[in-house]
Amino acid sequence: MSSEAPAQPPSAAAAPAPPEVTLDLRGVQCPGPVIALAKAATAHPAGTVVHMLADDPAFPMDLRSWLSSGQAELVELDDTTSEIHARVRIAAKLPRPPAAEAAQVDPQPPAHAAS
């Protein structure tokens, strides 16, 4: 008779790695790489890691600027060679308010004092 350890419950299993996409942006000049990243951020779910290859010297500065929008967080940036490697993780998307709430239109005109 052999004794075996009980199987671990499914909840104890390691979480799957987040999805990863690669954007080959070599040869694309500013603002093209950041525009491609912004499109990828809207096309993929939160948590997706976007790996970018670029050779535009302005890309690291543009990337840092775009990251300040909060749409993604920097995971890795290697700009020590002419081929720049960057990885960002797409942030959770905030729900957009309905148009009526966004406009905040007051149906009552302001009252004017009589002269």
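I read the order of elements from the N terminus and noted β-α-β-α-β-β-α for the protein chain, which comes to 3 helices and 4 strands. I keep in mind that the model is predicted.

I then looked up the contacts between residues at least 6 apart in sequence, and of these 66% join residues at least 24 apart.

Next I turned to helix 1, residues 32-43, whose 12 residues reach 16 Å from the first C-alpha to the last, close to the 16 Å expected at 1.5 Å a residue. Which residues of helix 1 are buried? I listed Pro33, Val34, Leu37, Ala40 and Ala41. Looking down the axis of helix 1, I found that its buried residues fall within an arc of 120°, so they line one face of the helix. I set beside this the general point that an α-helix has 3.6 residues a turn, so residues three or four places apart point the same way.

On the face of helix 1 turned away from its buried side, I noted the exposed residues Lys39, Thr42 and Ala43.

Last, I asked what the buried residues of helix 1 pack against. My entry names strand 1 (20-25), strand 2 (49-54) and strand 4 (84-90), together with helix 2 (59-67).

Note on methods. Residues are numbered from 1 along each chain as its sequence is written. This is a predicted model: local features need pLDDT of at least 70, side-chain atom pairs count only at pLDDT 80 or more; totals for chains, interfaces and linings use all residues. Side-chain values use heavy atoms; hydrogens and water are left out. Helices (H or I, at least four residues) and strands (E, at least two) are DSSP runs, numbered from the N terminus. Contact means heavy atoms within 4.5 Å. The expected span of a helix is 1.5 Å times one less than its number of residues. Buried means under 20% relative accessible area, exposed over 50%, partly exposed in between (1.4 Å probe, protein chains only). The arc is that of the directions from the helix axis to the C-beta atoms.
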